[in-house]
Amino acid sequence: MSAVAAPRTWDEFLEGLWKQNPVFVMVLGMCPTLAVTVSAVNAVSMGLATAFVLVASCGLVSAMRRVVPKEVRIATYIVIIATFVTAVDYAIQAISLALYDALGAFIQLIVVNCIILGRAEAHASKSPPVAAMVNAAGMGAGFTLGLVLLGAVREILGSGALFGIALFGANFQPWVVMLLPPGGFFVLGTWLLAFAAWARRRERREGASHA
Amino acid sequence: MSESPPAPSAPAPAPMRDLVLTLGLVAAVCGLIIVGAYQLTLDAVTANRRIALERSVFKVIPAANSLAEFLALPGGGVAPAGAGQAPAGAVRFFAAYDAQGRLAGIAAEGAAKGYADTVRILFGYQPGCQCITGIGVVSLRETPGIGDKIVTDKAFIANFTALDARLNAELSALAHEIRTVKHGTKASPWQVDAISGATITSRAVGKAVNDAAQSLLPKLAPHLEKVSTKP
Amino acid sequence: MHESAFQIFVGALLANNFVLAMFLGLCPFLGVSNRLETAFPMGVATTFVMLVASLCAFGLNLLLTAFHLEFLRLIAYIVIIASAVQLVEMVLKKHSPALFRALGIYLPLITTNCAVLGVALFQTAREYDFAQSVVFALGGGGGFTLALVLMASVRERLQLSDVPSVAQGTALALMLAGILSLSFMGFAGLGG
């Protein structure tokens with residue numbers, strides 16, 4: 001039994017991480033993606049916070065899946081998600097007030113991140129806890145990856161640094177718009193473009209090998 | 001939508017008792033988690049806030065060694081700030097004391113809308129010269145490289161080393177409103193010279209200081225001796 | 001803070017547009033904005049929910065602070081919003097079934113619209129009073145609708161243009177949003 005289950009759990013993890021990456025493939029949870037990715041550190045923190053809420057919520061939803069009546073399930077999921085978001089909110093305040101200030105209202109806005117409710121409804125409510133949490137962890141990792149890719153580019157172009165470490169000399173002219181809202185839209189659009197082009201090329205190569 | 005086995009009739013809706021029990025269970029579990037998280041982090045969060053506050057007050061009042069929090073009450077009078085809600089209209093401020101327990105300065109927060117979001121500053125006030133002697137930024141979300149120059153621009157910071165905040169004869173308001181003026185046109189000690197190219201954020205700082213001073217200083221002036229020595 | 005109602009309204013509508021400057025409400029912005037005739041009703045429905053959410057959040061906040069239950073704020077807000085959306089759904093279904101069908105799945109999705117919860121959270125953080133909160137919600141909703149309508153108009157016309165297929169869809173919408181956001185930056189400082 002376990003010999004079959006182990007590869008399957010790893011597959012579930014990978015699926016959330018890459019093939020169904022919430023940022024670049026499913027294009028969900030856009031609001032925090034664009035708002036907090038002005039630096040790689042913020043991106044990682046937000047990604048981890050969301051991942052924690054994802055895993056914890058999916059775990060609890062899955063544990064209670066046989067008990068929650070169908071009629072009130074969405075309301076119940078929302079309350080569960082809001083609970084863990086409140087917990088994360090206090091945790092971040094306890095860890096670093098500077099980080100809390102940087103992430104701002106978007107910590108509490110994790111509760112309306114479509115990814116979490118979507119996963120809870122589509123997956124966690126139908127799977128045993130471990131499988132649900134692994135899948136959630138994959139999604140969380142994929143989300144963090146997406147945020148970091150976005151945050152890294154914006155930080156490099158907009159501040160000339162990565163994770164706070166200056167990369168270029170003092171003469172670097174920061175491309176300030178990258179740190180502002182328009183920059184967020186442009187960089188994400190460019191990443192999606194890159195992903196689409198890469199997916200197209202892979203399809204063509206696979207099609208050519210079958211021909 | 002989940003697949004249900006083909007049945008001649010729809011499954012009966014869950015009885016009300018089950019609904020209530022389940023929701024009660026969910027509420028109980030969630031309540032436990034929230035309260036647990038709150039209690040676990042309360043000490044760390046309070047400590048963090050106190051450290052951040054002390055750091056910013058000591059930055060605007062360098063001679064400070066300790067501080068005490070007070071409320072300037074709307075009807076007149078000054079009271080030590082308790083842990084509960086401040087009465088409506090009360091203005092919170094900090095009295096900083098030096099190593100000998102004498103008043104080293106007063107610090108208070110001000111806020112005004114900047115370019116992107118609220119700009120929150122802390123200013124230090126010396127009753128002796130009736131002037132503002134320094135500002136520090138509490139929270140800033142302005143354009144990086146432009147608005148955040150208020151932290152780095154030495155000429156702008158110099159505006160606040162002796163900013164006139166005298167009260168008028170009736171002690172009802174500032175004698176001269178603190179205003180931000182265009183870069184290079186500062187003519188009086190109660191004006192703030194804006195940063196060229198960062199007018200909106202500069203104006204926000206000026207407005208924040210003015211609004212806070214206007215609401216605090218008239219209330220505080222008649223009762224200054226109450227906070228002159230460390231409680 | 002001493003912001004006037006006019007400043008808050010114009011700020012939320014233009015200079016600090018919820019979608020283009022504060023990144024709230026992006027999922028429906030990217031999802032519903034390809035047709036003008038669904039974009040406008042969506043904006044209006046969202047504005048209505050934002051108003052209701054703002055009023056309820058104001059009242060709830062007073063209640064929670066009075067009982068020192070601030071840690072329940074987030075749950076209380078989101079439950080109120082979910083209920084408000086249910087209410088709007090029921091009202092629409094009864095009085096305008098065609099519109100109800102046209103909006104489809106996007107109506108219940110207003111619950112997960114960051115803009116609605118954002119209104120409640122921001123007005124609490126900025127300690128707005130009752131009048132300021134109402135004006136903030138109206139301005140924010142108006143700004144959301146404005147951005148949605150602008151986006152829909154442009155995207156409808158772009159459907160007839162020769163865009164490389166690699167860029168079509170969300171990538172193009174994001175580039176458009178970037179340009180719109182850039183132009184809205186010109187409103188900075190409007191309203192004082």
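Analyst: In this predicted model, chain C has 31 residues in contact with 30 residues of chain A. Several elements of chain C supply the side that touches chain A: helix 2 (26–31), helix 4 (73–95), helix 6 (114–125) and helix 8 (170–184) each give two or more residues to it. Helix 8 of chain C provides the largest share of that side, eight residues.

What kinds of residues make up the side of chain C that touches chain A? Of these residues, 25 are nonpolar and six are polar, while no charged residue is found there. For this count, Ala, Val, Leu, Ile, Met, Phe, Trp, Tyr, Cys and Pro are taken as nonpolar, and Gly is placed with the polar residues.

The chain behind this surface can be described next. Chain C contains eight helices and zero strands, and its pattern along the sequence reads α-α-α-α-α-α-α-α. The radius of gyration of chain C is 17 Å, close to the 16 Å that the globule rule gives for 192 residues, so chain C is as compact as a globular protein of that length. Along its principal axes, the C-alpha trace of chain C spans about 60 × 45 × 25 Å.

Two further values concern the inside of the chain. Buried residues account for 48% of the 192 residues in chain C. Among the contacts in chain C with a separation of 6 or more, 81% join residues 24 or more positions apart.

Definitions and conventions:
Residues are numbered from 1 along each chain as its sequence is written. Chains are lettered from A and ligands numbered from 1 in the order in which they are written. This is a predicted model: local features need pLDDT of at least 70, side-chain atom pairs count only at pLDDT 80 or more; totals for chains, interfaces and linings use all residues. Two residues are in contact if their C-beta atoms, placed from the backbone, lie within 7 Å. Helices (H or I, at least four residues) and strands (E, at least two) are DSSP runs, numbered from the N terminus. The radius of gyration is taken over C-alpha atoms; the globule rule is 2.2 Å times the number of residues to the power 0.38. A residue is buried if 20 or more other C-beta atoms lie within 10 Å of its own, exposed if 12 or fewer, and partly exposed in between; C-beta atoms are placed from the backbone.
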